[in-house]
Amino acid sequence: MAIDGIGAAVRRKEDYRFLTGQGNYTDDISRPNQVHAYFVRAQAAHAKIVRIDTAKAKAADGVVAVFTGADMAADAIGGLPCGWLVKNKDGSPMQEPAHPVLAVERVRHVGDPIAVVVAETLAQAKDAAELLDIELADLPAVVGLVDALKPGAPAVHAGGNLCFDWHIGDADQVAAAFKNAYKVAKIDLVNNRLIANPMEPRAAVGEYDRATGEYTLFTTSQNPHVIRLLMGAFVLHIPESRLRVVAPDVGGGFGSKIYHYAEEAFVTWAAPKIGRPVKWTAERGESFMSDAQGRDHVSHAELALDKNGKFLALKVSTLSNMGAYLSTFAPAIPTYLYATLLAGVYTTPAIYAEVKAVFTNTVPVDAYRGAGRPEAAFLIERIVDIAAAEMGMDRVEIRKRNFIPTDAFPYQTPVALQYDSGDYFATLAGAMNAIDYAGFEARRAAAKKVGKLRGIGISTYVEACGIAPSNIAGALGARAGLYECANVRVHPTGSVTLFTGCHSHGQGHETTYAQLIAERLGIGLDQIEVSHGDTNKIPFGMGTYGSRSLAVGGTAVVKALDKIVDKAKKIAAHLLEAAEADIEFKDGKFTVAGTDKSKSFGEIALTAYVPHNYPLETLEPGLDETAFYDPKNFTFPGGAHICEVEIDPDTGVVKVVDFAACDDVGRVVNPMIVEGQVHGGLAQGIGQALMEECVYDDKGQLRSGSFMDYTMPRADDLPSFKVSTAITLCTHNPLGVKGVGEVGAIGSPPAVINAVVDALKDYGVRHIDMPATPQKIWAIVNGGHRMAAE
Amino acid sequence: MAKISLTVNGKKVSAEIEGRTLLVQVLREKLGMTGTHVGCDTSQCGACVVHVDGKSVKSCTMLAAQADGTAVTTIEGLANGNELHPMQAAFKEHHGLQCGFCTPGMVMSAIELAKRNSNPSEHDVREWLEGNICRCTGYHNIVKAVQAGAQAMAAAK
């Protein structure tokens with residue numbers, strides 16, 4: 001029987017509602033009698049709140065209430081919690097300043113919420129906000145990472161601007177290796193700050209039922225159970241049994257919708273005070289100054305090589321911007337998701353990294369697609385190209401010479417991780433073939449004839465997904481477990497609903513998970529529904545981020561299916577009057593081995609719920625199983641990305657003329673969805689490399705605060721991509737899957753910059769910081785390269 | 001407050017509006033048609049594209065008063081019952097959507113391109129969609145979908 005199981009490019013089950021305008025996003029939800037909240041936000045990056053007079057605003061047409069931080073403080077509302085504790089080199093805890101829901105006494109970044117006006121209509125709330133009399137006394141602000149640690153820098157918090165000073169690896173071993181180095185490659189680089197910008201702005205609707213005492217929050221979240229836990233336990237002190245969090249259709253996340261945000265807590269807190277549902281939807285301008293931002297590192301790195309070009313040791317010193325407050329995951333990103341990846345795909349035997357996390361008067365920074373791993377890949381793949389140049393070696397050859405051999409897995413790196421599987425030679429060969437690497441020099445020469453500068457750049461990367469083994473995460477400072485939950489509910493007539501703790505906001509879970517179930521139970525996709533996003537339906541879950549939904553969430557589904565099949569076999573054995581050990585289950589049929597006696601999956605399901613002929617003494621009725629799966633290790637997707645660019649020296653415009661990605665994502669369940677995930681990641685990575693940059697001026701004003709100032713990649717900025725896979729199976733989960741959500745954004749930025757540097761090699765360029773804008777390139781080509789590059 | 005009357009997806013409707021009310025607000029808030037989305041506040045992202053008298057328009061940038069007396073088509077008005085419009089079907093077939101938020105605007109914009117050019121090149125599609133931002137797909141499959149959708153629309157004529 002043909003089923004749309006593992007490996008089939010099934011068209012997505014969720015598409016019909018999205019294509020016909022019937023998606024149900026948070027802003028589409030309107031509750032009877034709702035009121036609208038408008039957040040008044042700091043226009044200064046750092047200021048003392050002298051006075052807030054709400055009288056005129058409260059008296060304005062349609063206004064229901066006006067709240068300030070003082071009102072929440074009077075209610076003993078907690079601050080927004082941080083989910084990860086990182087320790088300093090000396091073992092002391094990081095500095096963890098309070099993060100009030102609404103600012104009290106001080107504002108610390110442009111966009112910090114000061115007051116909320118709640119009115120009958122949004123227009124009335126905005127009109128009334130103009131009547132608020134707010135007096136702020138400006139304080140000096142600090143914006144840049146390097147500036148923030150200088151003596152005398154304005155202090156963002158009373159404890160100063162250093163959040164933590166952390167390290168990993170063996171400094172002595174690295175120092176010894178550098179003494180024996182034949183050459184040392186060095187680089188100073190910036191990983192540019194980005195804004196996630198999912199197309200759906202954040203939104204939240206809070207509701208309170210006085211009859212039952214139940215709160216409901218509809219919110220744009222990647223992980224509703226995490227929001228329920230953080231908000232219920234730490235902020236509003238509501239028992240989880242009386243708090244329902246629903247993340248309905250969510251229009252993209254890319255990390256920015258992981259975190260617990262002030263607006264969610266506010267609407268939930270305000271709903272019973274006002275006695276009506278409270279709705280808030282971000283305008284895009286608010287998103288720019290209130291969604292957690294990404295990246296923002298300044299690093300120095302040195303790579304020691306022997307005379308054969310083998311890497312001996314790597315040392316890295318990184319400053320990482322936390323922004324004004326600690327967002328939910330922030331401390332984990334530049335530490336456990338960054339420095340642990342600094343071995344990359346290479347056998348570098350000694351690595352030492354130190355990371356200082358820094359507070360500044362900017363929007364909080366947290367995970368954005370890739371989260372730490374793009375920063376690691378960019379640093380490694382840039383310094384490898386510089387090392388090749390220093391050594392006079394070919395860029396492919398130096399990589400191959402240092403790759404972890406394919407027969408060396410499992411491979412223990414010097415920075416804590418153990419890679420389970422990979423074949424970096426295969427993915428590199430795949431990408432080189434796809435882009436016709438051998439033919440590049442002819443293309444470069446042809447471009448030169450018409451006055452264009454062509455370059456090609458390689459990035460060979462590995463990343464860590466499937467976050468994460470709870471005991472390891474806990475030992476590293478995580479304040480939660482990171483398992484996943486699946487509840488497979490077989491209905492009496494044999495159709496199935498999966499309730500998953502992961503959350504789909506573009507990834508296509510409703511299709512991919514259904515394929516896992518179809519494969520295992522031998523039923524059609526039209527018999528399977530996937531439910532996610534509602535804490536009242538799903539037992540528990542940690543949500544979707546870090547490319548974990550298939551490796552962790554999918555494995556939980558497999559575990560629950562194991563239990564379903566085990567129980568169904570017992571029922572089948574009873575019905576077929578055979579020993580359980582003799583029952584075989586294949587293609588949706590339970591058969592007594594060696595006979596033609598069989599029962600269909602539907603018959604077993606019906607028997608489980610109509611147990612007239614059933615072993616009731618030994619088996620409970622029903623067919624509904626839940627599994628929690630805690631991963632044994634991270635998974636390690638990796639691969640090779642090769643970018644070919646052409647630069648117009650007259651304008652400085654870099655055109656990506658070709659891009660090939662060959663990735664090892666483990667077993668592929670739906671190749672169409674996998675390719676789509678890679679495409680999207682590549683667009684974001686190319687965006688980071690060439691266009692995107694979050695910019696503050698020296699007073700902390702956000703200069704890139706709209707789509708007219710922050711350059712989002714558009715259709716005419718990008719080529720079509722050559723995407724392929726060359727897989728090895730993950731060895732520690734039953735599906736052999738690794739994860740695909742972030743590979744595009746991790747592998748691509750260094751491929752692009754390596755290509756740009758290659759195109760400009762005749763200009764003596766060693767490095768260009770991202771984004772490689774036309775302005776920077778034009779300056780280099782026209783003799784001003786000291787301004788724009790080393 | 002003023003009253004406007006217009007035709008939306010073939011149905012005559014009217015609404016009481018303020019002078020500052022935008023077309024998209026009438027669609028979403030007054031008529032409850034939430035298929036048309038708002039993704040920005042600077043007329044850049046195109047999530048709100050609808051057709052006004054047959055032309056694609058960013059409904060966040062048109063006052064509702066300007067739409068008085070017009071015929072508006074939204075994403076909800078394309079399918080014939082359960083049968084998708086050829087452009088919708090092409091987006092599904094070619095995986096031209098992920099989170100679905102930019103999708104209504106993309107589809108509405110693509111349909112106008114297809115009406116002007118029944119066989120657009122990749123370059124034509126990428127140029128045309130310059131006013132529609134997608135953060136999920138990298139545009140690769142959107143381009144394929146629009147090309148296929150345009151051909152299917154031409155074939156269905």
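In chain A, the centres of domain 2 and domain 3, taken over C-alpha atoms, are separated by 36 Å, the domain bounds being those of an automatic or database domain assignment. The contact between these two domains takes 23 residues from domain 2 of chain A and 24 residues from domain 3 of chain A, where two residues are in contact if their C-beta atoms, placed from the backbone, lie within 7 Å. The side of domain 2 of chain A that touches domain 3 of chain A has eleven nonpolar, eight polar and four charged residues; in this classification Ala, Val, Leu, Ile, Met, Phe, Trp, Tyr, Cys and Pro count as nonpolar, Asp, Glu, Lys and Arg as charged, and the others, Gly among them, as polar. The division of chain A comprises domain 1 (15-19 + 483-629), domain 2 (31-139 + 199-252 + 257-290) and domain 3 (297-467 + 633-788).

The structure is a predicted model, in which local features need pLDDT of at least 70 and side-chain atom pairs count only at pLDDT 80 or more, whereas totals for chains, interfaces and linings use all residues. Residues are numbered from 1 along each chain as its sequence is written, while chains are lettered from A and ligands numbered from 1 in the order in which they are written.

The largest nonpolar core has 314 residues, of which A:Ala37, A:Val116, A:Val117, A:Leu342, A:Val752 and A:Val756 touch the most other members. Such a core is a set of buried Ala, Val, Leu, Ile, Met, Phe, Trp, Tyr and Cys residues joined through C-beta atoms within 7 Å, and a residue is buried if 20 or more other C-beta atoms lie within 10 Å of its own, exposed if 12 or fewer, and partly exposed in between, with C-beta atoms placed from the backbone. Helix 16 (residues 549-575) of chain A supplies the largest share of this core, twelve residues; helices (H or I, at least four residues) and strands (E, at least two) are DSSP runs, numbered from the N terminus. When residues up to four places away in sequence are not counted, A:Leu342 touches A:Leu314, A:Val316, A:Ile351, A:Ala353, A:Ala376, A:Ile380 and A:Val415.

Chain A also contains an open sheet of three strands in the order 4-2-6, with antiparallel pairing, two strands being paired if DSSP finds at least two bridges between them. Strand 4 (106-107) and strand 6 (133-138) of chain A are the edge strands, each of which pairs on one side only. Six bridges join strand 2 (residues 47-53) of chain A to strand 6 of chain A in the antiparallel sense, and A:Ala47 has A:Asp138 in strand 6 as its bridge partner.

Chain B has five helices and five strands, which run β-β-α-β-β-β-α-α-α-α from the N terminus on. Its C-alpha trace spans about 45 × 30 × 25 Å along the principal axes, and 57% of its 157 residues count as buried. Among contacts in chain B with a separation of 6 or more, 63% are accounted for by residues 24 or more positions apart.

Helix 1 (residues 23-30) of chain B is largely enclosed by the rest of the structure, because six of its eight residues are buried. These buried residues, B:Leu23, B:Val24, B:Gln25, B:Val26, B:Leu27 and B:Arg28, pack against strand 2 of chain B. Just after helix 1 of chain B, a positive phi of about 70 degrees is taken by B:Gly32.

Chain B is divided into domain 1 (2-77) and domain 2 (86-156), whose C-alpha centres lie 21 Å apart. Between them, 15 residues of domain 1 of chain B are in contact with eleven residues of domain 2 of chain B. On the domain 1 side of this contact, strand 3 (49-52) and strand 4 (55-58) of chain B each supply at least two residues, and the largest share, three residues, comes from strand 3 of chain B.

The contact between the chains takes 43 residues from chain B and 40 residues from chain A. The largest share of the side of chain B that touches chain A, four residues, comes from helix 2 of chain B, and by class this side has 19 nonpolar, 15 polar and nine charged residues.
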